[in-house]
Structure formats: structure tokens, C-alpha cells
Amino acid sequence: MENLIAKLKVQIIEELSLEDLTPEDIQDDEPLFGEGLGLDSIDALSLVVVLDREYGIQIDDPEQGKDILYSIKTIAQYITDNK
Amino acid sequence: MIHRWFSQNVDLVIYINGTGAITPQKTFDGRFVFEANTTTEPILWCQEPDYKTCIDPRAARRMSRVIKMGVASALIALKDGGVECPDAIVTGSGFGCMADTELFLTSIIKNEEKFLNPAPFIHSTHNTISSQIALLKKCTGYNQTYVHGPISFESALLDGMMLLDEEKAQSVLVGGVDEMTSNLFSITSRFDKWKEKPNASECGFFGSDSKGSIAGEGSVFFLLSKNRNENSYGRIIDVDTFLNPNNQFDIKTCVDQFLNKAHVKIDDLNLCLIGKSGDNRFDTIYDDFISLMSENCSFGYFKHLCGEYLTASSFAVWMSAQILNTQILPKEIIASGGKKNNFKNILIYNQYRNKYHSLILLSIC
Amino acid sequence: MAGRVFVTGFGLITAIGCNVAECLESIEKQHSGLGEISYVDTQNKGIIPVCEVKRSDKQLKEMAGIPPDKIISRTLLLGLIAAKEAFQMAALSDEAKMECGLISANTVGGMDRSEQFYVDFLKDKKTGKLADVVGHECGYSTEYIAEKLGIQGGATTISTACSSSANAIMLGARLIKNRRIKTAIVGGCDALAKFTINGFSSLKILDKDGCKPFDENRSGLNLGEGAGYLVLESEDSVSLSGKTPICEITGYANTCDAYHQTASSPDGDGSYRAMRDALFLAGLDWEKIDYINAHGTGTQNNDLSEGNAIERLFGKAPLFSSTKPFTGHTLGAAGGVEAVLSCLSICKKIVYPNLRWQEPIKELSIKPNTKLIKNLSVSHVLSNSFGFGGNDTSLVFSKC
């Protein structure tokens, strides 16, 4: 799980062009949207693409997506549970 | 010949109160006396600022290069004009956001329509620059984008000026933005647009008797207003476009009508900035134009500094504004003729492949 | 200084018909243009329904009078066909034609051809048919249409996503009102392309079935294609010709939501201001509006935002509906297509149903009109077009 979390942080930084951030800057439990990292709905869609492309996980329901994409930890957990 | 223009109200007094320019010269810090950027490649790439100093990094992270160019030059113009938020934003762009378009198109093809990140699609929308500026400045006023090839900027200018005439706005931000990309350069090369090997010296641009121009790019914004202030650079009097003139006589007719409408005589023109591009197939048209002018008039060039691109006339307007304001004629525009001083009226004449022609008239405040 | 602006001609081509009469007939029969993708080569065929014009490029060329072997964008063909219909209907005098301007709008330009070029180009930069990219930029189709119609009074192209052709109409009206030009043909065109189908699919705002604007269970939009143009004339031009205009453009406004790059503000601030300002210019109280042709895309975001704005402005809303269940969302052409439908509403005394609606949006108290209403006196129509980047435009058409 730790390796997955570390990998996710790198992928998110790259996919969302978060140039000023390093993986150490992103907390595992920190909310990604709204407060915390401050990502928005377009970023959410980009993250959904990452999950599909890298992990074969498809999220079609936006409501379900909100829970899964809440934090790095919740994303990692969902990937682990659905591999 | 098709003579077309959306007639302007020449009695309306419109000032340029702020400028912002990101161009192949180092103009982004407002410098006027610049170092000519000579090139051995047929592309003049922009000299860009550190965008972190002009755009909030959080907002800028998803912006592609041309959007950063557009937004940054607009913000510079607003700061220069002392306006926090304009009443209206009008942009002209020939090709729009090419890099984003290419990125999304490439991903569609390479990924066989799977795993598509929507961000470049969103940013490929032609009005992205106008709306990003509005988003950053919370500008809820009129917002427009013109995409009509070589007269995109002229269209934007006409609309901006009309807004001021209608009193729908007190301050209008008007800009011209276009980027070059290596794919766009490859494709347009196949249409014989560019020189194969430009001469290294700055005068070789004109001296070489060959077809093709040097490709360029740039983003230039102006803050226009009916109110003059101590920062006002000069006035924009009128803008005209006409298509497919058959001969020198047609061009003369358009120039005469344009100047008559503005109550300006040929003898009153102190400087003409000419869009000579180094392409021997089309540059002779400018020789015909020069022959129409009086001995009082000096002639200068701009495309060896910004390159050829669809909104290049915005760079000429920027240069004219600086010249009117400072009354200094930079040696880099390679001026000849006339007295080269006391600049009251500047006429810009630009044409693209002898199809699209435009005239822009500026004067001192 | 300000003059009146009259509509004296219109032209239309959409998924429900190749001209105004055919489109009107489909609406009266309540036939939507929704169907499977036929003419775009995409993996989305059979997955995403669209509202395609039911003609191949070859057939469109024949209708437009273009040689069959000429490589030309579908966007341009659609624009040419509708612009010609409008122009013929207006029957301008030779002198009026000489001074007529063209303001056209589109978002895709020649992308339907460029995307084919790119397949070869990506493999080898020396390949790809150059004729496929000649018409790539938006202004190309405008100039081509101008040349075919013999336009000499000025031409330009606007591209502001889904509000594009509404903005083109607004510019034409402003130019005439300010006496800069006497006649203008205004509107827009857009064809379906792999680029836009995939773009909207990646945004996850496409409905896999027929769209349901203003319905609680709506799940997205259906992409469409088409073109809609009006001919506008000044008061002097109309009285000189002795013709009876179809209706009048009495109001228009463009504002920016400045909320988000793609989403509208939940309260619909931008939409509210656009409608309010258009009504103000028209000198109309909100009660005078008989019908609103809403933007109504069927997305969660737009319909709530626009619905909120309508409620805030009108309180008890007039009859309103989205015609996008018929035509699909024609993107750059939407403003033009829906402007033609708004004019038809006035001159044919018809108000359109909002197809597929079943349940009101729970946050709103207003409900769209779901019936085809005929023989209704319609004096004033408000038409909305709201685009990406928060570009919001409203037009008011009035009986004259």
C-alpha cells in the first residue's frame, strides 16, 4: 500500500502539472479537492483517466467518484480493493 | 477587389492607456529599446518572462504556453494602465490554442480514443485566453474572441472600439495572440510559407531575393479607453481591412478613402510601419504602397522582429504606441526616408499573401 | 443614433431537416434527430447517440453546389447550405447585396478534415493530404461562404464555444444599430468531428440515451451538428425594399460568468445578467416574454444553473423549453439554429415542447413546457446560449 501511495503521488503531480509540489508535500489523508490540495472538477476527470489507464479502474458514477478520490489514501485503498 | 470594412466612428477619441507584449524581442518588461533578435532558423520564438512572477502558479499550472503568453501580456497591460479589472475583453487569434489542439488530437489517435485527459480539449477552445483573463480578474463584462485569419486582431480592435463608442465600457482590453508550434511549422512549411535558410544578418531578411518569410508568434494586449491619463501612449484613429486588390490603383483607392475619412492628408503621415515579410512573391506590393506616400514620411519594418504570423499587426500597433509616446525611433525598425522625428501620425499597412490587407492609423494624444 | 434591426431571412440545416420547412415539419411531428453515428469514423459509434444531419458529405456537396471531388470541410458545407437559404429568402436588392456583411461562427473549423490529415502526419511529417488542412482555421469557412454569396460588405468569424453564433448575431445587430452596416448575414455552423465527440466524452457529459433537459434525472447532452443563419437589415434597408420583415431583434447581451473554465456558477450569475441585460436593452419587463428558448443542454450543471437564473429573473417563468432534444447541441451553430427557431416561434405562432421531460429538478420550482403549442400569439422570445469559459449570451426577438 505504501508503494502504491508513493507511486500515486508521483503520477498525480505529473498528470495534473503540479510543478511546484513534491510527493512529500502531499499528505496521505489530506483532502484533494476544495480545501487541502485545491483540485477542481477538471482535475477529477484527469485523475479518473489515470486510474483507468494505469490501474484498469473505471469510475462512471460521479458521486462514487467523489468518495474514491477524496484523498490519496482513499484512492490507494480503492485500487487495492478492486484489483 | 473586395473592399470591406465595418465602418468606424472616426470622431471618437480612443486612447491606448496600457500595453503588454510578449514577443520574440524582449518586450515583456515594457522595454522599448530592445536588442534585435537575429536568427539562423526560420522561426522567431517568443522571449518569455518567468510566468510565476505574473500569474498565480495555481492558476497557471494547467495553462499551455500560448495561454500563459496571452494571460501574462494582458495582466501586464492592465497593470501598465492602472486598471484592476477591465469592463470588456476582446481577443483575436488566427489559430487559437494550437498546442492544446495538437495534444488532444495526438492522444485521440495514439490512444485510439481511450484514456483521454479532457484538459487539453478544454483549453483548445478558441476563447480560452479571453475567458482565463476574465476568470483571473473576475471580469464579468463583454468577452469576445475573433478567429478570422490575418484580420483576427483587426476584428477584435474594431469590436473594442465600437464598445467604447456605444458607451458599453469605459476600459476595454484588446489583444492579438498566436503561437507557433513545431507541428504547425512543419505543416505550413509544406505550403511554401517559410524561408528554407534565412540569412543570419538582420538585413538579410530583406536583402535575400527568395520566397517565404520567417515564422513568428506573439501576444500583445492594449488597454483602450475614451479617457486620457498621464500614461496614455497615443490614440487609435481607425482600422480598415480590404481583400484581393487587383492592382496598385485599388490599394491607392483604399488608402485615400481611409485617410479622407479620418481627415488626415498623405502629407500628415510621419511614419508608415510596413509588414514586409521577406517573401519576394508578395513584398513588391509594399513598394507600390511606399510610392503613394510623401517625402515627409519615414518607413519602417516590423516583421523581421516579430516574424510572420496571423496577428502580427498587433506587434506593429505596440511599436507605434511606444514611438508616439517616447518620440524615439528605434534603429531596429530600419527606418528610411522622411525626417525620422516629430511623430504625430503613424500608419500601419500589413498584408498577407496579397489577399488580406489592413490599415491601422494612430496619432499622438 | 441607434437604429432598429429587422430579420428578413433565415436558413437552417440540422438533424431534423435540411431546410427551415423540413425542420419545422419534424418539430410538429415531434420527431427528434437522435440516432447512431453514421458519418464520423469513431470508436464511439454504437455507444454514443448523436444528432447528425442525415446527409453524407457527397450529398451535402450536391446541395451546396460544390464539385464532388473537392476536399472541403463538412462544417463549411452545412454553413453554405443554410446561409444560401437565408440569403435567398431575404431577396436583397443588388445594391443591398453589395454592402452586405457576413458574421459567421464555428468552433471546430475544418477539424473533420484536419483530424484525418493528422493520422498520416503523426507517422511521417511529410505525409497527409494538404488539401485536408487548407480549411482548418475557423475563418476559412466564413471567407468561402462570403465568396460564394458575393459578400462585399465585410466578414469576420467569432469563436466562443457554445455561444459563438449567438455572439455573431449580436455583433451583426450592433453593427446595424450603430449604422456601421445596413445588412448582414449572421449565424454559425459546426459539424460533428472525432475531436469534439471524444472531447465531450472525456468530460463525461454525454448522455448515452436521449438528453432530458431540465429533468431531475438528466445525465448529459447529445452532440449535434448543423447551421443556422439570419439576414438582418436596417430600418432604412427594409423600407427601401418595401418588404415585411419576419421579426425584429430588440435585445442582446453578452456577459462572462467568470466562475470556472467549463462549469457555470450554481446560481447562474452569468446567465442571469445576460438575460437581464438583453431584456433591458429591449426595453421589456420580464413579464412581456412569451417564450424562452433555453440553452438547456441536459447536463447537471447547465440546467440547474440556467434554471436558477430563470427563476431569479422571472419568478414565475414564462413558457420555456430546450429544443436540443430535437437538434442535439450543435455547439458553435447552437445560437444560430435556436435564433431561427425563435424567429419561427413568432412568425408561425408556435412554442416548442421540451421532449423527454418527466420530473422537475428538485432545487427548482419551474418546469419546462412539454407540449407543442400552436396558434399562440408570440410577441417576444428570449433565446439563450451559454458557452465554455462562462461566455453567456441572450438575444431577444420581437414581433414587429
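Visitor: How do helix H1 and helix H2 of chain A cross, and at what angle?

Guide: This is a predicted model. In it, the axes of H1(A), residues 2-15, and H2(A), residues 41-55, come within 10 Å. They cross at roughly 130 degrees.

Visitor: Parallel, perpendicular or oblique, then?

Guide: Oblique. Angles over 145 degrees count as roughly antiparallel, and 65 to 115 as roughly perpendicular.

Visitor: Is the crossing left-handed or right-handed?

Guide: The crossing of H1(A) and H2(A) is right-handed.

Visitor: Which residues meet there?

Guide: H1(A) brings Gln11(A), Ile12(A) and Glu15(A). H2(A) brings Ser46(A), Leu47(A), Val50(A) and Glu54(A).

Visitor: And what classes are in that contact?

Guide: The contact of H1(A) with H2(A) has 3 nonpolar, 2 polar and 2 charged residues.

Visitor: Let's move on to chain B. How many of its residues are in contact with chain A?

Guide: 10 residues of chain B are in contact with 11 residues of chain A.

Visitor: Which elements of chain B give two or more residues to that side?

Guide: Helix H1 (57-60) and helix H4 (118-123) of chain B do. The largest share comes from H4(B), with 3 residues.

Visitor: How does that side divide by class?

Guide: The side of chain B that touches chain A has 6 nonpolar, 1 polar and 3 charged residues.

Visitor: What domains does chain B have?

Guide: The domain assignment gives domain 1 (13-225) and domain 2 (235-363) of chain B. Their C-alpha centres lie 21 Å apart. The contact takes 50 residues from domain 1 of chain B and 33 residues from domain 2 of chain B.

Visitor: Which element gives the most on the domain 1 side?

Guide: H6(B) does, with 6 residues on the side of domain 1 of chain B that touches domain 2 of chain B. The elements that give two or more residues there include helix H6 (152-165), strand S2 (14-22) and strand S5 (171-178) of chain B.

Visitor: What about classes on that side?

Guide: The domain 1 side in chain B divides into 27 nonpolar, 16 polar and 7 charged residues.

Visitor: Let's pick one residue. Where is Asn280(B)?

Guide: Asn280(B) lies in the loop between strand S8 (271-274) and helix H10 (284-290) of chain B.

Visitor: Why does Asn280(B) count as partly exposed?

Guide: Asn280(B) has 13 C-beta neighbours inside 10 Å. A residue with 12 or fewer is exposed, and one with 20 or more is buried. Asn280(B) falls in between, so it counts as partly exposed.

Visitor: What does Asn280(B) touch, leaving out residues up to four places away in sequence?

Guide: Asn280(B) touches Asp209(B), Ser210(B) and Lys211(B). Asn280(B) and Ser210(B) are 70 residues apart along the chain. Their C-alpha atoms are separated by 5.6 Å.

Visitor: Now chain C. What are its domains?

Guide: The domain assignment gives domain 1 (5-241) and domain 2 (248-398) of chain C. Their C-alpha centres lie 20 Å apart.

Visitor: How many residues are in contact between them?

Guide: 64 residues of domain 1 of chain C are in contact with 54 residues of domain 2 of chain C.

Visitor: Which element has the largest share on the domain 1 side?

Guide: H7(C) has the largest share of the side of domain 1 of chain C that touches domain 2 of chain C, 7 residues. By class, that side has 33 nonpolar, 23 polar and 8 charged residues.

Key
Residues are numbered from 1 along each chain as its sequence is written. Chains are lettered from A and ligands numbered from 1 in the order in which they are written. This is a predicted model: local features need pLDDT of at least 70, side-chain atom pairs count only at pLDDT 80 or more; totals for chains, interfaces and linings use all residues. Two residues are in contact if their C-beta atoms, placed from the backbone, lie within 7 Å. Helices (H or I, at least four residues) and strands (E, at least two) are DSSP runs, numbered from the N terminus. Ala, Val, Leu, Ile, Met, Phe, Trp, Tyr, Cys and Pro count as nonpolar, Asp, Glu, Lys and Arg as charged, and the others, Gly among them, as polar. Domain bounds come from an automatic or database domain assignment. Axes are lines fitted to C-alpha atoms, for helices over the stretch in contact, and angles run from 0 to 180 degrees between N-to-C directions. Angles under 35 degrees count as roughly parallel, over 145 as roughly antiparallel, 65 to 115 as roughly perpendicular and the rest as oblique. A crossing is left-handed if the near helix is turned anticlockwise from the far one by less than a right angle, and right-handed if clockwise.
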